[in-house]
Amino acid sequence: MTLEQKIADRTASVCIIGLGYVGLPLAVASAEAGFSVVGVDLDKGKVDMVNKGVCYVEDPYVKEHLSTLVSAGKIRATAKHSEALPSADVVIVCVPTPLDARENPDLSYLRTTARIIAQHLTDYKLIIVESTSFPGTTEELIRPILERSGKKAGEDFALVYSPERIDYGNSQFGMTKIPKVVGGLNTESTKLGAAFYSAILLARVVSVSGPSVAEATKMLENVFRYVNIALVNELAELHEELGVDFIEAIDAAATKPFGFMAHYPGPGVGGHCIPKDPFYLVYKAKKAGFNLRLVQASKAVNKEMPAHLVERLSKSLREKKKTPRKSKVVLWGLAYKDEVKDTRRSPSLDLLKLFKKTGFKVQVYDPYVPKISVGGSSYESASSMLDSLDGADALVIATNHKIFAKPEMSELKARMNTDPILFDTRNLRARKEAEDAGFTYLATGRP
Ligand SMILES: NC(=O)c1ccc[n+]([C@@H]2O[C@H](COP(=O)([O-])OP(=O)(O)OC[C@H]3O[C@@H](n4cnc5c(N)ncnc54)[C@H](O)[C@@H]3O)[C@@H](O)[C@H]2O)c1
């Protein structure tokens with residue numbers, strides 16, 4: 001039976017390498033579609049949790065289906081590649097692609113994984129790389145390692161790059177509802193990749209002419225986000241100075257039905273993807289003799305946002321004749337985005353370092369993050385949102401968790417010192433309600 005037929009009738013067995021934010025939802029989507037899935041992860045804790053049906057990522061789709069699929073024997077996990085790879089028909093690589101200490105791409109996880117797959121390239125397999133990287137990675141890095149097995153890409157195995165676009169925690173756009181781009185090494189690879197994703201997704205599959213175009217697609221998407229966030233961050237600073245409400249201007253611009261896509265300013269850029277992916281392309285560009293000036297300029301703007309915020313807050317405290325060094329500042333939100341516990345590259349980490357440098361007395365609160373260590377200090381989340389505010393001079397909202405929009409302003413004010421400041425970096429709360437309750441209101445992009 002051909003692999004195409006096995007995909008069509010769901011008898012193809014799927015091996016997913018790396019059961020993190022990307023790999024676990026993909027394992028669930030594949031099993032939901034009817035495939036038998038074995039996930040491999042070096043982290044034995046994750047392997048155990050999967051085998052017990054316990055979901056450790058904030059993904060409503062995984063939460064809903066994982067335990068049923070594990071109980072039904074459709075998904076199992078192992079820490080040993082040799083228990084999964086030999087019998088797999090489809091192998092999907094979802095390992096990390098971080099930056100190293102010098103902010104260059106760390107491709108070691110991809111290299112190691114390719115070497116391990118090469119040891120098990122016995123029967124014809126479809127190998128798909130989902131980890132984010134720059135154009136050329138699949139053809140110039142992965143392919144030669146796989147071919148060291150003596151097998152030839154395009155003949156003895158199919159090779160595809162298909163970027164992951166998941167926005168975990170997003171209940172509106174779960175993995176299966178996001179269109180998927182597929183670029184294979186040859187026509188057969190692309191055809192098999194497209195057939196596989198068509199089987200597991202509700203959204204459409206977009207085939208492109210090769211892996212490099214698919215890799216370039218992912219780079220474009222995340223450079224677009226990074227540069228546009230920098231644009232609104234820089235313009236936010238300008239309009240704060242000009243005394244013009246820039247958030248209102250963005251909302252108004254967003255009514256234009258074409259040619260504009262709203263991005264909102266904030267305390268910086270966080271997460272595992274947007275702040276690091278553009279630097280994969282910067283690296284590749286440098287190798288090709290190009291300097292990606294827009295990305296570098298965006299980095300400068302995005303990186304300065306936490307310092308800008310702390311300066312503005314300190315100035316406001318001084319205007320109230322309060323010494324920043326003696327002031328208590330409460331930080332609401334440690335995660336980099338709403339309704340998740342993920343603090344990777346969160347702007348709150350930079351804020352905490354700057355708060356310490358300024359000498360603020362700091363209390364943190366995040367319903368998803370019980371404690372955090374940064375810059376040699378540990379911070380424990382207060383027992384409740386309101387308790388965090390006792391005796392505070394300023395409240396900084398750094399993450400747009402929905403819960404932060406709920407309490408009455410008067411309840412917040414009642415817990416705080418006289419003449420308190422609300423610094424809303426996410427524009428969750430309205431100026432009027434804050435000022436009516438007696439707060440000095442500061443917000444990113446607002447005077
Ligand atoms: N998190 C996101 O929202 C997102 C979105 C799109 C793309 N991506 C990209 O997808 C890739 C994976 O990201 P993630 O967020 O899932 O990372 P993650 O850190 O959550 O998960 C990766 C997993 O791979 C495992 N691993 C590492 N080496 C391994 C090996 N040799 N064999 C088996 N398992 C191994 C790790 O233990 C970890 O559990 C990255 O390239 C990332 O840039 C992530």
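These legends describe close-up views of a predicted model.

**View 1. Strand S1 pairs with strand S2.**
Strand S1 covers residues 13-17, and strand S2 covers residues 36-40. The two run parallel and are joined by five bridges. Look for Cys15, which stands opposite Val38 in S2. Four of the five residues of S1 are buried, so S1 is largely enclosed by the rest of the structure.

**View 2. The largest nonpolar core surrounds Cys15 and its partners.**
This core has 67 residues. Which of them touch the most other members? They are Cys15, Ile16, Val91 and Ile92. Helix H2, residues 23-32, gives the core its largest share, six residues. A second, separate core has 41 residues, including Leu309, Tyr336, Met385 and Met416. In soluble globular proteins, nonpolar side chains tend to be buried together. Now return to Cys15. Leaving aside neighbours within four places in sequence, Cys15 is in contact with Val38, Val40, Ala84, Leu85, Ala88 and Val91.

**View 3. Helix H2 crosses helix H4.**
H4 spans residues 60-71. The axes of H2 and H4 come within 10 Å and cross at roughly 60 degrees. That angle makes H2 oblique to H4. The crossing is left-handed. On the H2 side, the contact is made by Leu24, Pro25, Val28, Ala31 and Glu32. On the H4 side, Tyr61, Val62, His65, Leu66 and Leu69 make the contact.

**View 4. Pro86 sits in a loop.**
The loop lies between strand S3 (75-78) and strand S4 (90-93). Is Pro86 buried, exposed or partly exposed? Pro86 has 14 C-beta neighbours inside 10 Å, so it counts as partly exposed. Leaving aside neighbours within four places in sequence, Pro86 is in contact with His120 and Thr122. Gly53 is 33 residues away from Pro86 along the chain, and the C-alpha atoms of the two are separated by 24 Å.

**View 5. Helix H8 packs against helix H10.**
H8 covers residues 211-242, and H10 covers residues 277-287. Their axes are 8 Å apart, and the helices pack at an angle of about 115 degrees. That makes H8 roughly perpendicular to H10. This crossing is left-handed. Met219, Asn222, Val223 and Tyr226 of H8 make the contact with Asp277, Pro278, Tyr280 and Leu281 of H10.

**View 6. Five strands form an open sheet.**
The strand order is S10-S9-S13-S14-S15, and the pairing is parallel. Which strands stand at the edges? They are S10 (361-365) and S15 (440-443). Each has a single partner strand, so one side of each is left without a neighbour in the sheet. Neighbouring strands are turned by 15 degrees against each other on average, direction ignored.

**View 7. Strands S13 and S14 pair, and helices pack on the sheet.**
S13 (residues 394-397) and S14 (residues 421-424) pair in the parallel sense over four bridges. Ile397 has Asp424 in S14 as its bridge partner. Helix H11, residues 293-319, packs on the sheet and touches S13, S14 and S15. The direction of H11 makes about 165 degrees with that of S14. Helix H12, residues 347-358, lies across S9 (328-332) and S10. H12 runs at about 170 degrees to S9.

Note on methods. Residues numbered from 1 in each chain as written. Predicted model: local features only at pLDDT ≥ 70, side-chain atom pairs only at ≥ 80, totals over all residues. Core = buried A, V, L, I, M, F, W, Y, C linked by C-beta atoms within 7 Å. Buried ≥ 20, exposed ≤ 12 C-beta atoms within 10 Å, placed from the backbone. Contact = placed C-beta atoms within 7 Å. Pairing = 2+ DSSP bridges. Axes fitted to C-alpha atoms, helices over the stretch in contact; angles between N-to-C directions. Parallel < 35°, antiparallel > 145°, perpendicular 65-115°, else oblique. Left-handed = near helix turned anticlockwise from the far one by under 90°.
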